[in-house]
Amino acid sequence: MASRAPSADVVVAGGGVVGLSAAWEAAQRGLSVHLLDPSPGRGAAWVAAGMLAPVTEATFGEESHARMFLAAAARWPDFAARLTRATGMDTGFQACGTIAVGLDASDRAAIDQLLEFQRGLGLDASRLSASECRALVPTLSPAVRGGALMPGDHQVDNRRLILSLIEGCARAGVTLTTERVVSVASDTKGAATGVVTERGDTVAAGTVLLAAGAYTPKIGGVPEGVVPPVRPVKGHAVRLRAPGDGPAFARTVRGLVRGRHCYLVPRADGSVVVGATAEERGYDTTVQAGAVHSLLDDARLLVPTVDEWEYLECAAGLRPGSPDNAPFVGPTSVPRLAVATGHYRNGFLLAPLTAEAIATYLTTGAVPPPLDAYPVDRHLPAARTGSGR
Ligand SMILES: Cc1cc2nc3c(=O)[nH]c(=O)nc-3n(C[C@H](O)[C@H](O)[C@H](O)COP(=O)(O)OP(=O)(O)OC[C@H]3O[C@@H](n4cnc5c(N)ncnc54)[C@H](O)[C@@H]3O)c2cc1C
């Protein structure tokens with residue numbers, strides 16, 4: 001039966017890493033928050049590797065994103081520490097650094113080229129010989145031709161973080177309802193007034209935040225041309241376990257294997273995340289044998305002992321892709337309707353920065369730098385950002 005929940009300052013549709021972080025941060029600022037998600041944290045956030053990689057993610061043609069990535073990375077130590085203080089839980093944040101390695105001569109040349117570009121942007125990265133790579137990660141294949149060290153590219157255990165955020169939200173008084181949002185409710189003037197759930201209940205709020213990752217455009221009740229263009233980009237990731245106690249090796253390894261990208265992210269508990277594919281297949285999360293095969297094949301070329309490791313699982317998730325690979329964070333042209341989506345490959349890296357921007361927006365009406373440089377309407381046909389909260 002349809003009913004009306006007590007109203008909140010903000011209702012968040014979607015509890016992935018972005019929605020949960022925003023809800024937690026908004027609650028820290030004293031706002032009342034209601035978050036709805038049929039399976040909190042089980043979208044792309046559950047599949048992800050959790051790399052926090054401002055330098056390795058800086059690529060040709062996306063020079064302006066580097067500032068945003070560095071600002072996001074700088075917030076991580078404090079964000080993780082505050083969340084641990086609030087919950088008593090370990091997020092698995094590790095300042096471990098990353099090495100990028102090339103398997104053959106052309107892979108090495110490509111890494112050198114990227115390194116020159118990254119250093120040109122003032123990013124912290126240095127060249128490594130093949131033996132220096134193996135000194136840092138002794139299990140690397142003797143075939144590896146060399147690489148680069150990115151000392152500031154770290155990681156968080158995505159699943160530990162999600163569980164910490166859910167606990168943090170509960171302790172901060174966020175109401176969490178495990179229901180799907182079907183549509184945005186609005187008043188006669190078109191302003192958002194809340195959301196309608198799959199059971200037909202209305203949750204009223206001062207501001208509606210759509211943060212359903214790749215599913216954000218599927219939420220109804222919003223006029224066309226308001227929600228920015230976000231598309232699902234499928235990614236498979238395999239999880240393995242190396243024998244013994246402790247991590248398989250000390251830092252993240254990102255490899256180029258005959259032109260294909262492959263990474264191995266070692267967790268403190270001995271598990272290793274191997275990723276990732278990037279596929280344009282719509283809303284499809286089936287795990288495909290060919291993806292498992294090619295990820296394992298590339299991983300074992302970089303680290304041959306992978307053959308001896310335990311296979312745990314493979315999962316596929318949908319990254320919320322945007323046309324320029326930058327997120328959409330802030331108000332839409334509909335009064336009192338905001339979005340936080342489009343984080344593509346960097347939802348974990350950008351989560352603290354996004355949460356801070358949303359909390360600031362909710363309390364002051366303005367999105368702070370550097371995310372103000374990425375207005376929500378920048379890819380909509382007639383740019384018209386609303387000022388309504
Ligand atoms: C293989 C892979 C590896 C990745 N590796 C990294 C990495 O190393 N580092 C990094 O920073 N990022 C990484 N990412 C990207 C990262 O996972 C995403 O950017 C991030 O999860 C986006 O967060 P989100 O909260 O917007 O979306 P999601 O995490 O997908 O969460 C969306 C949530 O919305 C909910 N939802 C959907 N529809 C509705 C609805 N109608 N009503 C209510 N709730 C709804 C879903 O249940 C889900 O919980 C990776 C992604 C993949 C797939």
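Helices (H or I, at least four residues) and strands (E, at least two) are DSSP runs, numbered from the N terminus. By that rule, the chain has 8 helices and 18 strands. The model is predicted, so local features need pLDDT of at least 70, side-chain atom pairs count only at pLDDT 80 or more, and totals for chains, interfaces and linings use all residues. Residues are numbered from 1 along each chain as its sequence is written, and side-chain values use heavy atoms, leaving out hydrogens and water.

Start with the whole chain. Its C-alpha trace spans about 70 × 40 × 40 Å along the principal axes. Of the 389 residues, 56% count as buried (under 20% relative accessible area, with a 1.4 Å probe and protein chains only). Now take contacts, meaning heavy atoms within 4.5 Å. Among those between residues at least 6 apart in sequence, 74% join residues at least 24 apart.

Next, look at one helix pair. Helix α3 covers residues 65–87, and helix α6 covers residues 158–171. They pack at an angle of about 60°, with axes 9 Å apart. That makes α3 oblique to α6 (angles under 35 degrees count as roughly parallel, over 145 as roughly antiparallel, 65 to 115 as roughly perpendicular and the rest as oblique). Here axes are lines fitted to C-alpha atoms over the stretch in contact, and angles run from 0 to 180 degrees between N-to-C directions.

Which residues meet? From α3 come Trp76, Phe79, Leu83, Ala86 and Thr87. From α6 come Leu161, Ser164, Leu165, Glu167, Gly168 and Arg171. The residues of this contact divide into 6 nonpolar, 3 polar and 2 charged.

Definitions and conventions. Ala, Val, Leu, Ile, Met, Phe, Trp, Tyr, Cys and Pro count as nonpolar, Asp, Glu, Lys and Arg as charged, and the others, Gly among them, as polar. Buried means under 20% relative accessible area, exposed over 50%, partly exposed in between (1.4 Å probe, protein chains only).
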